[in-house]
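Colleague: I have not looked at this one before. Could you walk me through it?

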2 protein chains.
Amino acid sequence: MTGTSTALLTDHYELTMLAAALADGTAERQCVFETFARRLPAGRRYGVVGGTGRVVEAISRFTFGEAELAQLSGVVDQACLDWLADYRFTGDVDGYAEGELYFPGSPLFTVRGTFAEAVVLETLVLSILNHDSAIVSAGARMVSAANGRPIIEMGGRRTHEEAAVASARAAYLAGFATTSNLEAKRRYGIPTAGTCAHAFTLLHDSEHAAFTAQVEALGTDTTLLVDTYDITRGIETAIEVAGPGLGAIRIDSGDVGVLARQARQQLDSLGARNTRIVVSGDLDEYAIAALRAEPVDAYGVGTSLVTGSGSPTAGMVYKLVEVDGRPVAKRSSHKESKGGRKAALRRHKPTGTALEEVVHVVGAEVEEGPHDRRLQVPLLRGGQPAADGPSLEESRQRVRDGLVSLPWEGLKLSQGEPAIPTVYVEK
Amino acid sequence: MTGTSTALLTDHYELTMLAAALADGTAERQCVFETFARRLPAGRRYGVVGGTGRVVEAISRFTFGEAELAQLSGVVDQACLDWLADYRFTGDVDGYAEGELYFPGSPLFTVRGTFAEAVVLETLVLSILNHDSAIVSAGARMVSAANGRPIIEMGGRRTHEEAAVASARAAYLAGFATTSNLEAKRRYGIPTAGTCAHAFTLLHDSEHAAFTAQVEALGTDTTLLVDTYDITRGIETAIEVAGPGLGAIRIDSGDVGVLARQARQQLDSLGARNTRIVVSGDLDEYAIAALRAEPVDAYGVGTSLVTGSGSPTAGMVYKLVEVDGRPVAKRSSHKESKGGRKAALRRHKPTGTALEEVVHVVGAEVEEGPHDRRLQVPLLRGGQPAADGPSLEESRQRVRDGLVSLPWEGLKLSQGEPAIPTVYVEK
């Protein structure tokens, strides 16, 4: 996607607001827009920020060439088109590093610049953060439920083809071991893995012939799919063909817990003690947790990951909170926001366990203890990425560290309150 | 996106299956893969096929250049890389036209070709059809609930930035009037619309100043957002600034039904009898239906549309059903498929009301009445799009026609069984 303009991945009204503000002279007012979630998805105890790296990159491609401007003639006036022709974001962004945990009100991505340059980024920023954060947040719950066992992401077929690539990235960030998505390998260097589909067995004259073909092409350290016909017979054939050194078998249907137990016994009795058992088939974090006591070595997860396991969007908003240094906020019923640019720190016990998320207006007096941690980092300065952003591996480590810092109730899968409260300090 | 290869928007295992099949000579067997949904999303009474046009286009870009092949070295062997370098899909595809209703088991997209050329398309076909069908299916329920009132799609910010473009297209297909997404205008010619955000009012020194700026830039036939501070005062100011010829007001928060009634009275009393009322704010098909008796002129819908209103994926699968003319099917517990290439027709009463979906193995004797309709059309022939596909407008009309043909219970929003049963005929 490098090189392609992202400028039209936005909403009509941002451009008409821009045109009106350019015409009346308010476009150059210095503004602060804050990105945050009013609440976590129903019952969730934490969120994980995903997509920050993608947003920073996408902003660098937010430019209007002739092709983009041609689309906007008729939407905005010539003065606005001229202004857009020179557009590059030149402001500053501070926010939570990718992989950081977040809670209601956490100021995740704070954009400072003129109204004109900041308002047009709203949709792009929200699209990426809302999608990727929804996926990584769901993924982190699955990784947590898997308790150290590896998970393969294989959900690409159940979401938009480009969302699939971003989902593979988000899953890896969450701690998934590998993805099936080849474009995610190309774009982000994420390790790919794959087993086999039922089609491959059905293509052949027998399961024996299919397994033989796969082992010959891919070696014995492959994963044979054993549930096309009869699982017991399938395992027998698998070991017959590959020998007891077979890498793994996969079970994709049925009551996978019971089947895994039977498979383990059978494999052991055939001498294939190191042959791993991979299970898949509509697994989500609850199903993964329920399999904890079963002899499962790895999980394949698809649909539930790419659909955010019931919460496909993080519901973040991008709100104007300051104009020329003056706090502003919507005041009518519902959907109120708190005015003024905010910063945030997370308080911890001396043991490192998180206690509360303190969100405060910049300038308010907030005591900072030795175990507290400032949460915002510079993401863009003068429109340019602030130094090198963290690598995907670093962000992945940040997710792990964040989860370890939660009070133990915070990792429960059941519905509940946020793991730590958000405390607002306005003065 | 034209010109970019789609070949890596696929899963690792498709390529390894291919490599193994090329090595053992089964790759050239003639195969039929069928795309269908085992069931509709929970409680849904119909599905609408979306994405067919996008799939046909994406298949034409499914080619492996040097950049793609470089990513696959290490995944598959040299013989497979050589084969991929020459890859172009040369098979035939029959399927439901975009916008057609579907039911459990409907053969939506049937791919015929060698195993090798057909297996590698699995993920791409499913990604697009699963996403777009989920969105258009949800959108059709909203259009149906809106009962003729226009709906503006404005959900781009709540989904992946590219899924946003596809969602705008799917919403238009479902019968939405316009979208906020500018890239959807560029790519598919969908009309865009927009109102204004709270940020624009907050930017200004007063609501009066903001409304004045907007009306001066966009004319009186614009939509003023009146709920930033106090709605009654906002409407007063709106008419003061724009006069009684104001195009519309938008209410984005609070109990929009009650507020719309009050707003209508106030607007009428101010002589603004033709000023329309647009409501938005977490609307879904149920909220839209509940507003049917209120004086609302248009709806703005975002999150619920782009997330498929609770069903973000259509759950379709791509299954091998025939090899060299011989029907094949998975036979172990659960997730069974029915072997053999299928065709489908929909039976209707003489009045045009749909009665049942008949899915039959090709060659089976099926009586065809004067009111029945064959559902599959040629989509690709020899790898090339079969004539010109339908325009988006034609597919949009097909959705309308389909909904009219349903028995009236089929349009109920409550959970229920599919509107018509699927009848399988195997012999």
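Modeller: One term to begin with: buried area is the accessible area (1.4 Å probe) that two parts lose on being put together, summed over both. This is a predicted model, where local features need pLDDT of at least 70 and side-chain atom pairs count only at pLDDT 80 or more, while totals for chains, interfaces and linings use all residues. Residues are numbered from 1 along each chain as its sequence is written, chains are lettered from A in the order in which they are written, and side-chain values use heavy atoms, without hydrogens and water.

Colleague: How much area do chain B and chain A bury between them?

Modeller: About 7900 Å², with 59% of it on carbon and sulfur atoms. On the chain B side, B:Arg157, B:Leu182 and B:Leu203 supply 11% of the area buried against chain A, more than any other three residues.

Colleague: And how many salt bridges cross the interface?

Modeller: The rule finds 12 between chain B and chain A, a salt bridge being a side-chain nitrogen of Lys or Arg within 4 Å of a carboxyl oxygen of Asp or Glu. B:Asp11 forms one with A:Arg157, where the closest N and O atoms are 2.9 Å apart.

Colleague: Switching topic: at what angle do helix 1 and helix 4 of chain A pack?

Modeller: About 105 degrees, between residues 12-24 and residues 78-85, with the axes 9 Å apart. Axes are lines fitted to C-alpha atoms, for helices over the stretch in contact, and angles run from 0 to 180 degrees between N-to-C directions. Helices are DSSP runs (H or I, at least four residues), numbered from the N terminus.

Colleague: Which residues of helix 4 make the contact?

Modeller: A:Cys80, A:Trp83 and A:Leu84, against A:Leu15, A:Leu18, A:Ala19 and A:Leu22 of helix 1; contact means heavy atoms within 4.5 Å.

Definitions and conventions. Helices (H or I, at least four residues) and strands (E, at least two) are DSSP runs, numbered from the N terminus.
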